[in-house]
Number of protein chains: 2
Amino acid sequence: MKYRICLFLALTAGLFADHAQAQKASWIWYPGDFDIYMSNVMQNRRTERGSFFPVFWKMDSHYVLVDFHKEFILSQPEEVKLYVEGTYNVKIDGQAISGFPKTIQIPAGKHKLSLKVYNQAHVPAIFVQGKTVVSDETWLSTFEDKEWIDASGKTSDKSGTTFVSAGSWNFADPLMVPSAFKLPVIPHFAVKTEKIGKGTLSDFGKQTFGFIKVHGLRGKGKMGIYYGESREEALSTDKCETLDYLELDLSGKKDSVMPLSKAFRYVNTQYEGTVAADSISMLYEYAPVTDKGSFKSSDEELNKIYDVAKYTFRLNTREFFIDGGKRDRWIWSGDAYQSYLMNYYSFFDAETVKRTLWAQRGKDPVTAHINTIMDYSFYWFLGIYDYYKFTGDQKFVQDIYPRMQSLMTYIDGRRNKSGLLEWMPGDWIFIDWADKLSKEGEVSFEQLLYARSLETMSLCAKLANDKQGAERYGQQASELRKKIFDLYWSPRKQALVHSRINGRPTENITRYANMFGIFFDYFNADQKQSVKKNVLLNDNISKITTPYMRFYELEALCVMGEQSYVMKEMKNYWGGMLKLGATSFWEEYNPGKKGAEHLAMYGRPFGKSLCHAWGASPVYLLGRYYLGVQPVTPGYETYTIEPNLGGLAWMEGKVPTKNGDIEVYCSKKEIKVRSAVGVGKLRVKSKSRPVVSGAEVTRISKETYEITIQKGKDYRVKYSPLKGD
Amino acid sequence: MKYRICLFLALTAGLFADHAQAQKASWIWYPGDFDIYMSNVMQNRRTERGSFFPVFWKMDSHYVLVDFHKEFILSQPEEVKLYVEGTYNVKIDGQAISGFPKTIQIPAGKHKLSLKVYNQAHVPAIFVQGKTVVSDETWLSTFEDKEWIDASGKTSDKSGTTFVSAGSWNFADPLMVPSAFKLPVIPHFAVKTEKIGKGTLSDFGKQTFGFIKVHGLRGKGKMGIYYGESREEALSTDKCETLDYLELDLSGKKDSVMPLSKAFRYVNTQYEGTVAADSISMLYEYAPVTDKGSFKSSDEELNKIYDVAKYTFRLNTREFFIDGGKRDRWIWSGDAYQSYLMNYYSFFDAETVKRTLWAQRGKDPVTAHINTIMDYSFYWFLGIYDYYKFTGDQKFVQDIYPRMQSLMTYIDGRRNKSGLLEWMPGDWIFIDWADKLSKEGEVSFEQLLYARSLETMSLCAKLANDKQGAERYGQQASELRKKIFDLYWSPRKQALVHSRINGRPTENITRYANMFGIFFDYFNADQKQSVKKNVLLNDNISKITTPYMRFYELEALCVMGEQSYVMKEMKNYWGGMLKLGATSFWEEYNPGKKGAEHLAMYGRPFGKSLCHAWGASPVYLLGRYYLGVQPVTPGYETYTIEPNLGGLAWMEGKVPTKNGDIEVYCSKKEIKVRSAVGVGKLRVKSKSRPVVSGAEVTRISKETYEITIQKGKDYRVKYSPLKGD
């Protein structure tokens, strides 16, 4: 009995064999499974005042038993090393090899190599390393191989198994099993310390994220570590949101690293009994994404806003895109959707987008909206098409399309008699954090997102070669769009009303549906202008106080060409936080509040996250609407550059793509462009025809000109800006 | 970083606290989850010649994050101990307690205690032990608690969470975490050993199951352990089905237990190099079920058949009801269905039935038939209603009803244009192991099981208070039954034909649908008689060679009153195996084969299982159709006893129920009955009116009389048997 564990030890034995030169092999698993597994690990690191605080939606699991195979044609016999995380078997051409082989010989010729792996605790994964036989995303995988035999031993030839190409995070080290994955850390030190009570307050100089390390810990008694995003929070031992309590009885001195990483700027260490320590430091924990996008301008405050925004975004870019580091550190779909867009203008890390999309969706059956929030299901659909637009990665759309279908089937099944969505048990209608925001009845904002999601389904169905689906979803989308305008457009108010209750439109106008209608391009030209005037620029309409919805509000205004107005808003709003000493941007900012009021939320004095991904939207807005770069066809095969100074004297920056950067400089006299990818159109508004050497200038309308940008070439365009630009 | 593991250590810390007197508390989890988890553990113990051999269908997982709660009203404050398998939090009235408390204080009054547990590797489970606050199946559980808050911190009051009552295996020891569950073992020793080659052949005297222990193992080199259900198999080192290879380099002597239990009678240990051992023994591994049913008669061969059948059944009753111990050791639904019936006449272990039913069904979504076999999906439905009939446990039906619905939805979705089921990619049409058994087209047997399953759905829908479902499934069932007779009943052949191909009935008559039609009571009286004559007792219809289908064939004949004929068949068939030296009954027995031919199957010389649960059907047949006991209303509230000697001079035995046994003795002169439960009807066929003191005798038809049996009373009935009985 005591040896029962041997089988499960055998599973990792292969991992410690020596390994020759690696050669493009990668750990692989069933697609989406490691993403789901790792998101469980990450999201379950939340604590609230020392109490474990997991998510309230369904957490899914990886498939515990997965079959991998690939056919190879070998010109000569090959020795192949196998590394497996799980209990496994190996078959060559369907013939099992005894035991848990670490090295196998595959003869020359055409052969099918299969590994079947069981792992309940971690994701079944394999790493196969031969000269030509290597594991990668070209392998096929399934969670039910349906290979039965008849009484004579003949294997069924009509199994009907569905195979899908394997998933991977490009883990290229065979000795690093996927479950051991951790973000890297580097030591950081406090910039200032002061004696407080029976301990020390350490200031790390700015918002940060990592593990506290206590040096020279000793004695008997207790130690409390109180984390603060603000000084006030760290000092409030009974109200700070996160903490560590240690009970100690140490004979000597030791260094001790806390088990969970935390978000903080200040750390208050307090001792009881004889406990003491020499000092604390931190292990800064970060995702190793590369800073590819940039922005710099004549306005130093704006530059600071951009830098702090990108730092905010970096801190919240982890195994996945999270909301904020102090409190939830969860994957919220609405928050992540904005992170995707920021990412395309900063790190351009496609992997983190894919991971986050897999993790959010989890497994079938769908039993609730994503994060239980109706609007958050819709952002998930939108994020997938955006991903395709920015990367051109059709394979991912095909991989995830079945889970798009099942989520949409769930949503379609919740329509009311009018074909609209309204609250049902289990739904959270979020929209935004705002007092007195009605969620009752059929909210126009949700229908708008629903229509956009159906359009997205239609586009993705095409990419996944589901022609019928493309047509059906397209039809459903256009019917819903028509219905939205029939039911919610108020000819009198010249805007979309907020909702219908008991089948009747309310009189209430809010910004949400109206601003999304702008950049969804759902309005005609007249409607756009009236929405801009009657809603967006109307101070009588309830103001937005979260950077979350300011993202879309400012985007809508930029789409309407209001870059100068938006520039002032950005400087006021994000500049306002900087003036209050922010070193990262917040979950919510209401300029009307004062002092410690800014720290409170959710009825708790330090409930608010002072480092929230959705606070970082200038990263997106400046790249997308000032540098003015965006893809036209997927993966930047074609793209446009429409620089807009918005009142700046000059600006310059880079917008990354998967194949290199698009560099833009713009002053009131000239525009310089250099691109590593595709074919671009530079659109310039100029009183007179711009001058550029080595390219043609085409006039496309009054005072608007277009110049074709070829990759690898420098363009320097002289122009004369219009008044106000 | 190195302390990250602390959080996960904390999870088990509570387990080692001292615990006061236990008091009806039990480990609890989300219902069905431990069953699914443990079935993964058990089913992944299969090996084939040292190679890991997992199932080919989808393995599901437990929910990794589960919330448990219950409301208590305490007359005085209470100290409550908490034991948790997983990372957890504890809330009293929604207020979290910091850390991972092992003991909490609950004040007097009405309070809600909640624990939320995360565990990826094992099933999230809790054990709560106070004076009155204890964990049991009255707790509610959910995998999505949907408890969100608004910006003010107010918890949503309309979450729509679905709670279900917790599951349990009645684990009453807080220090024994569920994942540590193992079947008990006891040492057994070989009855004979002989020198063979460079080692020893050990004979354990009869078929058995357990872990081989090697005593005094020493030296350097290899050891091979070759298992055999037959002597031939153990001696065939290159063809035996299971083995263990050890590579050793030991400095001293040690005892070593093999990691996996195996099924065998013979064990051949062979040594290479300097490896040697003093001896081997085994740790017999068994499910601690109680032998409650019994049967004894005037026929010694029959008694031996009964004993070997029950031993066969015992060996295959493990964590779940498995098929056989040597090879698959999996939960096959068709095999398990027969085990349920045998169980009701032997161990009456309700828990193993429930576990097996949960484990087979797994989680949604349904992506294939159970075990991928169409017929096996249907047996699963039938097993649930049988369970209710024998135990009266309505709660279980209610718990599992949603998964019955989703499986039936899957099946309904696979009907062809004629509303019938035929092979589709992914389906295995099994029916039985038999050469040339056609699986083509619309097989009548599958439609018959489908109809019966729909009837079962209708019955269970009623029990689960789904009135609409009860009506809908009932309607669908009666339509299908009518269609079966319209399409498959051959007026010329006076039997059901085997199939329709391309919309036309074939001429082929097989036993399957016809024998099931008998005990499903689908035929009218004339049809029954013609089926009996034209099919069941017709040697021109292909014979059945597996005990699996003999189960149903003999059952159909017993239903038709052919106990004397069946007795001869039993003695021939099972007696035939005994004459060949069987110490347990086989997967297949064809009296026409000779010698080692009996050991082969699946194209392998020792492929056949010589200890297969479906070989044990006499356990059922003798209790059900000879002692003649069966429930009429659920849980034996009412029941019938119709003894049938089938040619025996006398027989006696016990049939267990959940509340005690029903004891029957029957000779050609008298019948004695004593029952611990319900109200029974003893039906006696007698030429003259039977005589019994203390009870009335009612004549119900010519030569048939009925006596009401009250519990706890002895009845002794004098009667005069009819000719031939």
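**Notebook: cysteines, then a helix pair**

Cys558(A) is in none, and its nearest cysteine sulfur, in Cys666(A), sits 15 Å away.

Ground rules for myself: this is a predicted model, where local features need pLDDT of at least 70 and side-chain atom pairs count only at pLDDT 80 or more, while totals for chains, interfaces and linings use all residues. Residues are numbered from 1 along each chain as its sequence is written, chains are lettered from A and ligands numbered from 1 in the order written, and side-chain values use heavy atoms, with hydrogens and water left out.

Next I looked at chain B. The sulfur of Cys558(B) is 15 Å from the closest cysteine sulfur, that of Cys666(B), so the two are too far apart for a bond.

Is Cys558(A) buried or exposed? I got 3% relative accessibility, so Cys558(A) counts as buried (under 20% relative accessible area; exposed is over 50%, partly exposed in between; 1.4 Å probe, protein chains only). Cys558(B) also counts as buried, at 3%.

Then I moved to helices α6 (residues 350-361) and α8 (residues 394-412) of chain A, whose axes come within 11 Å and cross at roughly 25°. That makes α6(A) roughly parallel to α8(A) (angles under 35 degrees). Helices here are DSSP runs of H or I with at least four residues, and axes are lines fitted to C-alpha atoms over the stretch in contact, with angles from 0 to 180 degrees between N-to-C directions.

Which residues of α6(A) meet α8(A)? I listed Lys354(A), Leu357(A), Trp358(A) and Arg361(A); their partners include Phe396(A), Asp399(A) and Arg403(A) (contact: heavy atoms within 4.5 Å).

Terms used: Helices (H or I, at least four residues) and strands (E, at least two) are DSSP runs, numbered from the N terminus. Angles under 35 degrees count as roughly parallel, over 145 as roughly antiparallel, 65 to 115 as roughly perpendicular and the rest as oblique. A disulfide is a pair of cysteine sulfur atoms within 2.5 Å.
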